[in-house]
Structure formats: structure tokens, C-alpha cells
Amino acid sequence: MRYQTDRQRVEGLGSAKDGTVEWWKQRLGAVALIPLVFLFIFPLLRSIGADFDTVRGIYENPLNALVAILFFITIMSHLRQGLQEVIVDYVHGKAAMTIALLANTMFTTLIGVTGVFSVAKIAFGG
Amino acid sequence: MADVNRGNRPLSPHLSIYRPLWTMVLSITHRITGVGMALSITMITWWFLALAINEAYFEVANAVMTSVVGGFILIVSLWALSFHFCNGIRHLFWDAGKGLDLPTAYKSGLAVMAGSVVLTVIGILVAKGVF
């Protein structure tokens, strides 16, 4: 038991110091993804099964590249938030949860940066 | 006095206690599709990386994506994306405080399921070059 009155605890917003900001960021990303998913998926669906030069041509187009980069950034942040919610709900124990949350951040950052880097390299004609 | 009995309180009944309901099934499907698409985006990112490296590597990634197993994963992923997309919009309406009553929630759930199938079919047709 901590020597803290209920009022002090409420005013201090608990040990996390925030809470609604994560919720708000997840919704912001979700709204941004509504147009981004459509803009990203059309050139992608056209690309699957096409030959190398055709697909390179699609992603050398600055608009397709820009959409793909924005999509990778937004989707990986959305995925990190979503997986974090699932981990917090289902993974028990402080050590296991900390490891899972770290792995989540590393995984989503790795995939996101790989996607952005790949598209940028193609778009810049490398 | 709120610290009394911390950590030794009765738990709410676990999920398996309840008879599965339509809205419950949709809710867990939203999570499953979300987590599952982590694999889809990993595969697609690998394909983009291969495209950035060279033609020989791209041929490998392309062969995997267009194989029977790859194609199956892509179609399931397309449905997962369509479902998560539609149900995500349903969640955004709820967040705005709209459509929270039970009859509307059931109906919007049906709309989400129908919409996910329609979007999947449209997606496949786009991939096949019909549109």
C-alpha cells in the first residue's frame, strides 16, 4: 500500500502519466489509412505477377513511391499499436511482456524501415 | 482506502464461458486479421526489398508470391485487409458514439462481412487485370 491519497493518485495520472494519447494516435493512424490502403493496394495488385521492368516502372513513379512510403510508415505504426494492445491483453508476467513489447517495436521498425528504404531506392533509380 | 484487497479480487468469467455471439466473433476476427496481416506485410516488404536489390532476386520473390501457396496467402490476406478495413470503419463510428445499440451493431456487422467479400472479389479482379 502506497501512502498516497486517492486525489493525489488521480492528479498524478498514475505511473504512466498519460493514456488517452495512445488511443488518439491509433485512431489518427486508422483514419489516415482509409485513403492510403486504397492508393497503395491498386498499384500493388497490378504489380503482382508482372515482370521486373514493369514493376520497377510502377514504383519509379513519384506518386506511387510517395504513397507506398506514407503507407509503410503509417501501417507499421498502426501495427505496432495494435500488436501492443494484444500483447498487453494476453501476455502475462512482467518479463515476458517487456520482451514481447520490445520485440514488437523492433519487428515493426525493421519491416517499416525496410519498406521505406526499398521503395526510396527504387524511386531514386538506384 | 482504494488499495485494500489489491490483486486478490474476483475475476470476471473467461471468454469460453459465453455462448459465441455474432458481435463477439467479429470482434475477435478483427484482432486475428490484424495480427495475421503482420505476416502479409512482412512477405510484401520482402518482395519490395527484392525489387530494390536486382532482377534475379525479384524473380525468386515473384515466384513465391505467384505460387499456389503464395497466391492462397495473398487472397486470404486480401480478405483479412478488406475485413479489417470495413470493421475498422465500424469501430471509428463507435468511437464517434454512433451505432452502439445492439440491433445496429448486428446489422453493421453483417454489412462489414458482406463488404469484406465484395472488396476481396474486386481486389482479385483488379489483380487479374479485369479493371
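Two residues are in contact here if their C-beta atoms, placed from the backbone, lie within 7 Å. Keep that in mind for what follows, and note that this is a predicted model.

Let's start with B:L51. Setting aside residues up to four places away in sequence, B:L51 touches A:V55, A:R56, A:Y59, A:S118 and A:I122, plus B:F58 from its own chain. B:L51 also turns up among the residues that touch the most other members of the largest nonpolar core, alongside A:F40, A:A68, A:F71 and A:I75. That core has 39 residues. As a rule, nonpolar side chains tend to be buried together in soluble globular proteins.

Now the interface. Here 28 residues of chain A are in contact with 26 residues of chain B. On the chain A side, 18 residues are nonpolar, five polar and five charged.

| Helix of chain A | Residues |
|---|---|
| α2 | 20–47 |
| α3 | 52–60 |
| α4 | 62–90 |
| α5 | 94–123 |

What about chain B by itself? Its secondary structure is four helices and zero strands, running α-α-α-α along the sequence. Chain B is more spread out than a compact globule, because its radius of gyration is 20 Å, well over the 14 Å that the globule rule gives for 131 residues. The C-alpha trace of chain B spans about 65 × 35 × 30 Å along its principal axes, and 26% of its residues count as buried. Among chain B contacts between residues at least 6 apart in sequence, 69% join residues at least 24 apart.

Definitions and conventions. Residues numbered from 1 in each chain as written. Chains lettered and ligands numbered in written order. Predicted model: local features only at pLDDT ≥ 70, side-chain atom pairs only at ≥ 80, totals over all residues. Helix = DSSP H or I, 4+ residues; strand = E, 2+ residues; numbered from the N terminus. Rg over C-alpha atoms; globule rule 2.2 N^0.38 Å. Buried ≥ 20, exposed ≤ 12 C-beta atoms within 10 Å, placed from the backbone. Nonpolar A, V, L, I, M, F, W, Y, C, P; charged D, E, K, R; others polar. Core = buried A, V, L, I, M, F, W, Y, C linked by C-beta atoms within 7 Å.
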